[in-house]
Amino acid sequence: MPELGLPQRQATDTLMLTGFWYRALPADRVHRNRLHKATLLEIPLVIGRDARNQPFALRDACPHRGMPLNDGKFDGENLECPYHGWQFDVHNGQCQLIPSLTSDQTLKVDRIYAGSYPCEEQDGFIWVYIPDPGPPGAGFTEPSEAPDAAPQIEKFTDKYKLAYLQAEMPVSIDHGIIGLMDPAHGPFVHQAWWWRTQHSIHEKKKNFEPIPNGFRMSAHTPSSNSAPYKLLRLYADADSITTTIDFVLPNVRTEIIRAGKYWFSSLTTVTPITRNQCRIDVVAAWNIFRWMPFGPELLKFVFAKFVEQDRRTMEVQAEGLQHNPHLMLIDDADRPAKWYFQLKAAYLEAKRTGAPMKHPMSGPVTLKWRS
Ligand code: FES
Ligand SMILES: [Fe+2]
């Protein structure tokens, strides 16, 4: 038991959770009749679009002798391995042809599968579902089905703008995520005259509540010390602006800001690429400033600046983490990080035992910190 009042020592485990959808590539980078490489959870993938523009994702390794398939020939329907010409249906990975077979050989070609993953296009991204690892003997199994659809950005009107930006971080998924939800780094990492300064640091009190697979910072009025929110208040002519921020496993942070008829919504993910590398993708949709020619650019500028500040910080942090230092999480500022680790552990435990997941929070909690 940790002594009372002492911060808890904490080690990150860098475990990457399977059984979830992950963002693989921005949709506008995936072109028809071209093959793209991507890596998710250390799994090499080849991603493309078929003749009807439908995206697909295959494991980038031929089930015959492991040749990367991204080097193969693709006719819009089947992908041909460059080594011995085996052909696979890109949507389910089923083998269609083994050119070396003679007519009297009876190998059942259609029982052979290249690894194939459920794949969806959603809000400007190609999402890939990474199932739990199957039994050994892959290469002969049909693809798993995703239990649900890929996450979507919540939108409140038919007309809106959409933008994304991304940055690679040389840290594990755990550090990427706890960095994303860390409330105390703002005044030190995200200073700018038009946003806030270190001097604007003040005490905050926020309510949190459990939600399935995660937690929510309950609807509240955003901090008064930030200029954009002040601007938004004038522009929207609304007495109250409310923000709701959710985090759900494995890696999704959604933020919804509503001000009268105006709204801003974002879905940010931190995607594990390898054990030591993750990527942050911010996709935002909004109907504020839609008529203003520089609106989207302005928003993108603000977000790009934030993300770059976070990326730079984690790049430097990665140097410190190389030597496996002991880490600690303190209350209340690091409580969301603690919840993340507890949620992750609870998810894995539920998988192990087959019992329903036990949520680490028993009810609403108020956290206080200065930022
Ligand atoms: S390695 Fe792919 S066909 Fe042989
Ligand atoms: Fe940040």
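**The hairpins of β18 and their setting**

Author: Strands β17 and β18 form a hairpin with two residues between them, and G260 in the turn has a positive phi of about 60 degrees. The model is a predicted one: local features need pLDDT of at least 70, side-chain atom pairs count only at pLDDT 80 or more, and totals for chains, interfaces and linings use all residues. Residues are numbered from 1 along each chain as its sequence is written, while chains are lettered from A and ligands numbered from 1 in the order in which they are written.

Strands are DSSP runs of E with at least two residues, helices are runs of H or I with at least four, and both are numbered from the N terminus. Two strands pair if DSSP finds at least two bridges between them. Strand β17 covers residues 252–259 and runs antiparallel to β18, with eight bridges joining the two. Within this pairing, I256 stands opposite S265 of β18.

Strand β19 (residues 277–286) is antiparallel to β18 over 10 bridges, and R279 in β19 is the bridge partner of T271.

Strand β18 itself spans residues 262–274 and is mostly covered, since 11 of its 13 residues are buried. Here a residue is buried if 20 or more other C-beta atoms lie within 10 Å of its own, exposed if 12 or fewer do, and partly exposed in between, with C-beta atoms placed from the backbone. Strand β21 (residues 365–370) is hardly covered: the count of buried residues among its six is zero. Six bridges pair β21 in the antiparallel sense with β14 (residues 203–211), and N207 stands opposite T366 of β21.

A nonpolar core is a set of buried Ala, Val, Leu, Ile, Met, Phe, Trp, Tyr and Cys residues joined through C-beta atoms within 7 Å. The largest such core has 70 residues, of which A24, L40, L45, L58 and V128 touch the most other members. Its largest share, seven residues, comes from β19. Domain 1 (20–130) and domain 2 (161–370) both contribute residues, so this core lies between them; the domain bounds come from an automatic or database domain assignment.

Contact means that the C-beta atoms of two residues, placed from the backbone, lie within 7 Å. Leaving out residues up to four places away in sequence, L58 touches several residues, including L45, V46, L69, L79 and F88. With the same exclusion, N70 touches L35, K37, V46 and D60. N70 lies in the loop between β5 (55–59) and β6, and it counts as buried because it has 21 C-beta neighbours inside 10 Å. Although N70 and H36 are 34 residues apart in sequence, their C-alpha atoms are 6.7 Å apart.

The strand β6 belongs to an open sheet of four strands in the order β6-β7-β8-β9, with antiparallel pairing. Its edge strands, β6 (73–74) and β9 (95–97), each pair on one side only. Between them, β7 (residues 78–80) is joined to β8 (residues 87–89) by three bridges, and E80 stands opposite Q87 in β8.

Helix α1 (residues 173–180) has eight of its eight residues buried, so it is largely enclosed by the rest of the structure. Among these buried residues are D174 and H175.
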